Amino acid sequence: RVIKNVVKFGLVASVGYGAYTMYDQRHPPQEQGEIDPSKKTIVVLGSGWGSTSFLKAIDTEQYNVIVVSPRNYFLFTPLLPSCTVGTIDVRSLVEPIRFITRHKSRQVKVVEAECTDVDPERKVITITDNSDVKGQSSTSELAYDYLVVGVGAMNQTFGIKGVEQYGCFLKEVWDAQKIRTKLMDCIETAAFPGQSPEEIDRLLHMVVVGGGPTGIEYAAELHDFLVDDLTSWYPELAGKIKITLVEALPNVLPAFSKQLIDYTESTFKEQNISIHTKTMVKEVCEKEIVVQRPDGTSDKIPYGLLVWATGNTTRPLVRNLMARFPETQTIRRGLAVDDWLCMEGAKDIFALGDASATKYAPTAQVAAQQGKYLARIFGQLASQETLEAEVAAASTEEEKNKKFRKLQKAKDIKPFHYSHQGSLCYIGSDKAIADLPFGPGNLASGGVATYAFWRSAYISNLFSTRNRTLVITDWLKKTILGRDISRE
Ligand code: FAD
Ligand code: NAI
């Protein structure tokens, strides 16, 4: 038995040591991360879907890579609506950007800062530390050979008065936290002694503006929270909580097929979520919104919580960059790029994801595929430079021709091609809808089985094993213990 135990211990120890060595080797020593002057430097702006996918795929043996983002993490946005009611914890959806960079063969420099200006002539960017804690130095410049702009977009308000001041957006971690806190505040305030019936109705009226996927998924999550948890915690108030979705167009989810739009609208009806289509919000006041009805008349809708989800607009950085190229940058939606994602008018600036204006929808799928593609392009560019030097240095005609043929091949860079994997949307009561490409057409499905598919698709797309484990645990916790109603 002693020998057996010694052998067992030896085996466990050697497996453990092997795993530790492999883990240790994944951390490149600090000195390898020094900027190598013989290599070109790529500065990547942002740590979202596009930039992260680029970082994962770029070969750091060929380039010095620097990431600049005010967020030192990647956020898995498709499950963010679940964080607004506590189905999933926000920490389960984020992964530090250093988690990716430490797995690269050469160290990537990560700078937590916002890029505030790009000077394409000097090829430098200005960066500013906009976080709460600032040191002696909080503004600096970084030089680049190539710039990859993946700064995403910001919330569209169409300049409507009061939106910024009174509405809650749903784009970032802090937005989801703010919505959760404000929702519970509305409910607790409605429970305050002496509140008039009209004030209770107002406080318990949750209004969502925008019937795109963000608005729909938020309304769906809120409905589930109401039915699964709030009803038992606040029996005297639950029946008074109302959810209303306001959409300017004749129907919600314009990007989905007609059959799925009808299915969503009928599911929302069953769930008592009112949809006001052809209704445009004109102004947001502290306690009510002013809307224009389909017949052109104006109406006021009192609210307690207002979630604003009317799509994207360009960030100031992108607008300023576009202004430097007035002749070529004429699309207001974002940076105009060619088929190789190179910014029109600037040969060493590339743009991807929501910051760019392409024929594709601003989605995570598009941004992720563009990031991967761009990393491949940079690989080809590096090979071209090596081969050009080899052609010039070739000693014989035969060798020169051989290298030249290789160079021609490296120069043949295919344009970006997007492969659509389908669209998914959660609509509440354990139901989801899916529009999937199928042969020459589309396969549209909706219901509980689609929800199972929705869950498995997102679990497999999550960033890391850590994220997957946390999300599955959150789902289990919610099923067994319910959601937490504490106002944080
Ligand atoms: P982002 O992911 O927004 O990343 C932008 C990055 O740039 C961030 O790290 C930001 O901090 C950084 N940044 C901002 N300003 C600066 C600056 N000045 N300097 C440097 N860095 C800067 N799409 C889907 O395909 N499927 C879905 O299910 C889905 N669900 C969604 C759910 C929600 C709630 C939301 C809001 C969006 C969803 N989307 C979905 C859309 C998807 O999230 C976006 O299309 C995607 O995030 C775009 O990726 P991006 O890299 O362009 O930008
Ligand atoms: P969106 O642009 O898809 O929808 C915004 C909606 O708001 C539009 O239908 C518009 O008509 C409406 N609207 C605009 N102004 C209005 C007003 N004043 N009053 C009333 N309604 C008004 O925006 P969303 O949902 O934020 O999505 C942004 C991008 O992210 C899209 O490309 C979307 O596909 C993607 N996304 C995808 C998800 C998914 O696949 N499940 C989830 C969330 C976002």
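**Close-up views of two ligand sites**

In this predicted model, a side-chain N or O atom of Ser69 lies 3.4 Å from an oxygen atom of ligand 1. Residues are numbered from 1 along each chain as its sequence is written, chains are lettered from A and ligands numbered from 1 in the order in which they are written. Because the model is predicted, local features need pLDDT of at least 70 and side-chain atom pairs count only at pLDDT 80 or more, while totals for chains, interfaces and linings use all residues; side-chain values use heavy atoms, with hydrogens and water left out.

**View 1. Polar contacts of ligand 1.** Look next at Gly50, where a polar backbone atom sits 2.8 Å from an oxygen atom of ligand 1. Gly150 also takes part through its backbone, with an N or O atom 3.4 Å from a ligand 1 oxygen. The protein buries 90% of the 1,000 Å² that ligand 1 exposes when taken alone (Shrake-Rupley method, 1.4 Å probe).

**View 2. The shell around ligand 1.** Here you can find the 29 residues that surround ligand 1, each with a heavy atom within 4 Å of the molecule. The closest are Ser47, Gly50, Thr77, Asp354 and Tyr458. α12 (364–393) is among the elements that give two or more residues, and α12 gives the most, with three. Helices (H or I, at least four residues) and strands (E, at least two) are DSSP runs, numbered from the N terminus. Domain 1 (40–70 + 113–153 + 314–411) and domain 2 (163–313 + 421–481) each supply at least three residues; these bounds come from an automatic or database domain assignment.

**View 3. Polar contacts of ligand 2.** Glu247 brings a side-chain N or O atom to 2.6 Å from an oxygen atom of ligand 2. Glu217 places a polar side-chain atom 3.4 Å from a nitrogen atom of ligand 2. From Gly311, a backbone N or O atom lies 3.4 Å from an oxygen atom of ligand 2. Of the 840 Å² of accessible area that ligand 2 has on its own, the protein covers 77%.

**View 4. The shell around ligand 2.** This ligand is surrounded by 22 residues, and the closest are Thr214, Glu247, Ala248, Val281 and Leu424. α8 (213–233) and β14 (280–284) are the elements that give two or more residues to the shell, and the largest share, three residues, comes from α8.

Note on methods:
A polar contact is a pair of N or O atoms within 3.5 Å; within protein, one must be able to donate a hydrogen and the other to accept it, and residues adjacent in sequence count only if both atoms are side-chain atoms.
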